[in-house]
Structure formats: C-alpha cells, structure tokens
Amino acid sequence: MLSHLGVMLLVSVVLGVVVSGLAIPFAGVVGFATRQAADTMDNLPIELETEPLAQKSEIRDAAGNLIATIYDENRVNVSLNQVSRTMVKAIVAIEDYRFYQHGALDMKGTLRALLTNQANAGVVQGGSSITQQMVKLTLIDSADTKAEREEAIDDTYARKLRELRYAIAIEQKYSKDWILERYLNIAYFGDGAYGVQAAAQHYFDVNAKDLNLNQSAVLAGLVQNPTAFDPTNSPDRARDRRDIVLDRMAQLNVITDDKADEVQAKGLKLDPQPSENGCVYSRAPFFCDYVLSYLRKDESLGKNPEERMRLLKSGGLTIRTTIDLREQVAADKAVSAHVFPKEQAIGGLAVVEPGTGEVKALAQSRPMGRNRDRGETFLNYTVPKKYGDSNGFQAGSTFKVFVLAQAIEQGIPLNKVIQSPGTLLQPYSEYKNCDGSPYGSGTWELDNYDFASRAANLYTGTRLSVNTFFAQLEIETGICKPYALARRMGVELTSPTGTGAERVPSFPLGIADASPLEMSEAYATFAARGMHCDSRPVSEILDSAKNLVKEYPSKCNRVMQESTADAVNDILRGVIEGGFASAEALDQPAAGKTGTTQAGKAVWFVGYTPQRAAAAMIAGANEFGVAIPLDGQIIGGFRRYGSSGSAFAAPIWGDAMRSIDDHLDYEDFVYPSTVEGAGQTYVPEPKPPKKNRGDGNGNGNGNGNGNGNGRGRDD
C-alpha cells in the first residue's frame with residue numbers, strides 16, 4: 001500500500017511539473033530539479049521537423065514489371081484511408097485509446113499505466129500517447145550520428161520532457177489523422193518491416209487496406225516490442241500479444257467478446273513473404289547491378305555516390321528501365337546452356353537496341369552471390385569496368401570492323417584487292433602515328449588462321465577474317481583513325497588520347513580488353529546506319545508520388561556516313577549467310593563477326609539485325625576472374641579444344657537471337673548502292689581442318705620503338 005502511495009505521489013509531482021510547464025514558464029517552479037526541467041522545456045525548439053520517411057525504391061522493366069526492390073528501410077508510405085479501419089481501431093485501442101480525446105499528453109492514461117505497471121512489477125501498459133511515440137520515432141529516424149541516436153532513446157525525464165514539448169507543437173500544427181497516419185508509417189513492425197503497409201505485405205501478403213481483425217491485432221501488438229513479438233520467430237508470444245490486443249478491443253467495446261473469443265481460438269494465419277532487398281533477388285541481377293552503378297554516377301542525383309545511393313535506397317523511387325524480360329529470359333537460357341557456373345570459363349551476352357541505346361538484356365554464366373563453391377560472383381562481366389569492376393577480355397577479330405569501317409569511310413572501294421600471304425613480315429615504319437611520324441622500327445610478324453595466301457578484297461578479307469589483309473589495310477587507314485572510331489562507337493579503350501598500349505598496329509586483331517556491352521553498343525552503330533547511341537539502362541525516374549524526377553533520353557550522334565554502315569552490313573551479313581557463322585542464321589537478315597584471341601583465352605561473336613545487336617563471349621577465367629586459356633577446359637559439361645568464335649560463342653548468340661527475333665518485325669538492311677565496289681558475290685572457301693582453327697589472332701603490342709608481335713589465327 002505504501003509503495004502505491006509513493007508512486008501516486010511521484011506521479012502527482014511529475015504531472016504537476018509537466019502541466020505547469022505547458023501552461024506557464026517554469027521560472028516560478030521551486031526546486032533545482034524542476035528548474036532544470038523548466039530550462040530544458042524553455043530552450044527547446046518549438047517545432048519538430050518531420051522529414052519525409054525513407055521508403056523502398058522499385059526497379060521495373062520496360063513493360064512495368066517489378067524486377068527488384070532496394071531499400072535501407074522496407075517501407076511503403078500509405079495514407080490513412082489506405083489502412084483498414086480495423087487496423088486503425090486496433091492500434092488506437094492498445095496504444096492510446098483516448099487518442100482522439102486528449103492533447104499531447106494523456107494524463108489519465110499515463111497515471112493508469114504507471115499504476116498498472118507498478119501493480120504488475122513490470123511494463124504492462126505504455127504511458128506515452130501516440131503523438132509522443134511518433135515524436136520519439138521521428139527523432140530516432142532523423143538522427144544522423146550515434147550521439148543523436150543515443151539521445152533519442154535515452155531513458156531520462158529530460159528526454160521525456162523534450163518529446164512532450166515537441167508533441168505539443170505537433171498537436172498544434174497537425175490534425176489527429178495526420179499524426180496517426182505518420183505513426184502508422186514510421187512505426188517498426190519487426191523482421192525488417194517499417195510501416196503498416198510493408199508489415200501487412202511481409203507477414204500476410206495483403207495490403208494495409210485489406211487487413212482483417214486477426215491480422216490487425218497481430219500488427220498492433222507488435223509495435224510495443226517488435227523483436228519479442230515477431231510472429232515469424234516467436235509465434236506463441238505473438239499469439240499471446242495478439243490476444244491481449246483483442247481483449248483490450250473487447251473491453252473498450254470496439255468488438256464484441258464473442259468476436260474476440262472467435263479470433264483467439266484460431267492461429268495467426270501468417271503468410272510470410274521474403275524480404276528481397278537488392279539485386280541478388282532480382283529477376284535480372286546483373287542488369288539491376290548495372291542500373292545502380294549507372295545511377296550512382298549521375299551527378300544530378302546527389303553531390304557524391306554515397307548521397308546518390310541514399311536517395312536510391314530511401315527515396316521511394318520508381319526506376320523505369322529499358323530491359324525486356326522476354327529477351328532477358330532468352331539471354332539467360334542461351335548463356336546457361338553453353339557455360340555452367342562452376343566451370344573455369346565465363347559466358348556473357350549483352351543485347352542492345354540500335355538507334356536508341358536501350359539495353360534489353362545482360363546475362364552471364366556465373367550467378368550473383370558470394371559462394372565461390374557454387375560459382376557465384378559479384379563481378380559483372382558483361383559491362384565496362386566503370387560499371388562492373390571487371391577489366392573485360394580481349395575481343396579478337398571483332399575489332400577488325402573498325403578498320404573496315406574507316407577504310408570505307410575514306411573511300412577505299414569494297415572490291416579493292418590486296419595480296420594477303422599466309423604469313424606476313426610487316427615493317428612497323430609503314431604505320432603512322434597520329435602526328436604522321438613512323439610508328440617505330442622493327443617488323444611485325446603475323447599469320448592467317450589457316451596460313452593460306454589470298455587475293456582478298458574488303459568482302460572476302462573480312463568474311464574470312466584474313467589477318468594479313470587487315471594488317472595491310474590498316475596502313476592505308478592509319479592506326480589512329482580506327483582507334484578513335486572504336487571509341488566513338490562506344491568501346492572504352494584505356495587511352496582516350498590514343499597514345500596508350502592499345503593504339504598499335506595489332507589493334508584490329510583485338511588485343512584490347514572489352515565487355516559484351518561495349519561490343520554490342522559498337523556494332524549497334526552499324527545496324528543504326530552509322531548513328532551511335534550510348535548504352536543506357538534507365539528511361540526515367542519517378543518519385544513516391546509518381547511525379548517525374550528525371551528522364552533519360554537517347555544520346556545519339558552520327559559517327560559515320562549511312563552508306564559506310566550500309567556497306568559494313570552488306571559485308572558482315574556474309575559471315576552468317578554462308579560464312580563462319582552460317583549455322584546461326586535467323587528468320588530475318590543478320591550480320592556479324594567472329595573473334596578468337598591469342599592462345600584461345602576468349603572467343604566472341606558479335607552479331608545484329610536492324611533491330612537488335614548482341615555480343616556473346618566465352619572467356620577462360622578461374623574462380624577469381626583471372627584469364628586462363630580455354631583449350632582443355634570443361635565448358636558446357638564437355639572438355640573443349642580448338643576454341644573458336646564460330647563454334648563456341650556464336651551458338652550462344654544464335655540461341656538467344658532466334659528467340660528474341662520472334663517478337664520483332666521483319667526488317668532488312670539497306671543495300672549500299674552508292675558505295676564503290678558494292679555487291680560482290682561471296683563464294684565461301686572450304687573450311688580448314690579443325691586442328692588448324694581457333695588459336696587466336698595476335699597479342700600484338702608496341703611501345704613506339706617497333707617492339708610488338710602478333711602471330712594470330714582467327715575464324
């Protein structure tokens with residue numbers, strides 16, 4: 001009895017201080033402690049800044065389908081009219097049943113809670129009003145430092161008084177419905193769910209507006225202790241807590257006793273949904289990763305990458321992307337059918353739309369994750385290094401098209417014949433630097449893939465990938481212009497000025513590292529008749545209210561004449577129509593180029609139609625991504641020898657494109673009628689014996705003194 005009297009006396013003193021503080025300044029209150037409390041109240045800001053709450057963002061495909069969610073806090077804000085009335089009644093009944101009758105402080109409820117808790121020797125009922133709780137949660141949510149977070153949860157009267165002062169200001173400024181709505185959105189409901197909408201979806205797979213009595217009671221009971229009453233981890237305790245909520249609702253005549261008994265007789269009826277946060281859970285994980293990397297570099301979204309990422313994870317954004325899930329599925333199936341995750345090789349495919357730069361699909365053989373025993377990785381091998389951290393792989397003779405296009409651009413006839421021996425000793429002095437000076441001294445020795453000599457022109461030299469033909473053609477174009485053209489077409493070479501190790505005579509043999517996305521972007525330029533468009537994975541961003549934040553239109557510019565691109569297309573379609581990749585013919589016109597690197601460390605096929613460009617690659621790589629030879633490796637379940645772009649990479653491209661072109665209209669290339677020498681009939685030569693194919697095409701290098709070599713073979 002004495003202890004109860006003591007509690008009542010304490011309550012009277014505290015409430016007296018508080019009430020006097022609400023009505024008048026504390027200066028006249030006697031006692032040092034009360035004067036401290038008075039000073040605390042008087043010195044506090046009157047208003048509490050209620051910043052927008054963090055919300056999860058969604059990444060969606062071109063058709064609007066959800067492909068990933070990203071967040072720091074799993075929250076989706078909803079208005080009060082989007083929350084079921086049952087849920088509203090349940091939370092008010094258990095947390096603050098007089099919420100709509102009292103002001104910032106419920107003195108009756110506080111006294112009742114103190115007496116009840118004292119009688120039960122523990123915390124049974126909370127004394128804070130919903131407004132006070134909302135203030136506390138807002139202070140925690142807005143805390144930027146450890147000290148601010150500790151201050152927000154500090155168990156002192158000073159903190160209680162601070163919260164009360166803010167609560168008074170909130171009650172004066174906002175309606176009760178606004179306060180309750182914010183409380184329902186800011187409250188933590190356990191297991192990573194913030195706010196009533198995320199909690200409803202997480203625990204029951206319903207929207208907040210559809211919560212029934214059982215579900216509402218479960219969620220209303222959670223906010224007191226989200227960890228202890230988490231129904232996924234402690235179903236018995238969660239059920240007991242639910243029943244307390246139901247009893248309280250019945251006591252307040254919100255529901256009948258019979259209804260409470262009926263629900264209490266049943267289980268929780270959970271339907272928990274996994275919290276799939278991030279790209280690992282995406283339907284297109286490496287495309288998702290590319291999207292985030294792409295946006296992290298957008299300076300309009302924040303002053304630094306960290307600030308941009310905070311916006312992406314907390315802004316409740318809708319990020320509309322360019323991916324087509326039909327094409328993504330086709331790409332995934334094609335890659336996974338030819339290269340398995342745990343093999344010492346990486347398969348990759350990138351699909352781009354010519355004329356827009358829209359990235360339609362990215363697929364690779366190693367799935368996203370950290371378990372190397374399952375072949376998982378977080379390195380994105382399909383995109384340039386600045387987006388995926390992989391250096392890429394040498395692209396082989398797929399680089400010959402840059403010399404080809406430059407030759408056509410400067411007027412070299414398509415039927416110009418160059419005698420191309422099986423082995424060539426080419427003086428470096430015949431190549432010119434960008435300033436016109438000789439490249440260097442010494443001799444470059446290189447071979448054709450079959451060591452055969454040919455009188456080749458631009459058609460046959462390209463379709464048969466004749467190394468010695470291109471070594472001589474490059475003397476006429478120079479080594480700087482094809483290098484610069486490749487950069488303008490989207491290949492991110494290491495030396496923007498053209499003075500690095502990649503700007504060498506052996507450049508057309510593909511000694512530079514590249515990613516599938518770079519190569520598909522480059523070849524898409526030919527499909528778009530000389531119009532280059534930067535690859536882009538995002539079309540627009542909307543805020544949480546579905547207002548436009550930013551658009552990402554196509555960025556295109558002409559890098560060659562239409563007639564030049566038309567001529568390249570006419571030449572490269574012969575690679576598929578009777579050439580090395582004839583097995584990969586589609587139902588509509590297509591063009592492409594094979595590539596095999598020195599020692600067979602990577603094989604490529606880059607092909608396109610007027611509507612899609614795709615680059616397929618298989619590269620030897622151990623579990624750490626270090627390049628190794630393909631020959632002798634088990635790839636697709638079989639040990640492989642004689643690596644070649646036509647035999648290994650082209651089937652990935654063909655499998656994917658045969659599926660993709662099913663939803664694309666038929667379209668043909670434009671014939672290069674204005675280009676001199678156009679239209680030569682191509683008669684395929686017999687393919688050489690398999691043992692002579694696929695050893696690569698030259699790890700050439702030079703330092704300006706003539707040091708360099710390249711003895712490559714390619715198909």
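F287 and Y290 are three residues apart in helix α13, residues 285-296, so about one helical turn separates them. Helices here are DSSP runs of H or I with at least four residues, strands are runs of E with at least two, and both are numbered from the N terminus. This is a predicted model, in which local features need pLDDT of at least 70, side-chain atom pairs count only at pLDDT 80 or more, and totals for chains, interfaces and linings use all residues. Residues are numbered from 1 along each chain as its sequence is written, and side-chain values use heavy atoms, with hydrogens and water left out.

Now the rings. A pair of aromatic rings is described by the distance of the centres and the angle of the planes. Rings of Phe, Tyr and Trp, the last by its six-membered ring, pair if their centres lie within 6.5 Å; planes under 30 degrees apart count as stacked, over 60 as edge-to-face, and the rest as tilted. That rule gives 22 aromatic pairs. One of them is Y174 with W178, stacked at 3.6 Å centre to centre with 10° between the planes. W178 is partly exposed, its relative accessible area being 26%. For F287 and Y290 the centres are 6.4 Å apart and the planes stand at 75°, so that pair is edge-to-face. Ring pairs also tie F287 and Y290 into a cluster with Y294, Y387 and Y552.

Next, charges over rings: NZ of Lys or CZ of Arg has to be within 6 Å of the ring centre and within 35 degrees of the ring normal. K176 has its charged end over the ring of F99, 4.4 Å from the centre. R248 is over the face of Y97, and there the distance to the ring centre is 4.7 Å.

Last item, strand β18. Is it buried or exposed? Eight of the eight residues in β18, 613-620, are buried, so the strand is largely enclosed by the rest of the structure. On one side these are A613, A615, M617 and A619, and on the other A614, A616, I618 and G620.

Two strands pair if DSSP finds at least two bridges between them. Strand β4, residues 345-352, runs antiparallel to β18 and is joined to it by eight bridges; I346 has A619 as its bridge partner. Strand β17, residues 602-608, is also antiparallel to β18, with seven bridges, and V603 is partnered with I618. β17 and β18 form a hairpin, with four residues between them.

Key. Buried means under 20% relative accessible area, exposed over 50%, partly exposed in between (1.4 Å probe, protein chains only).
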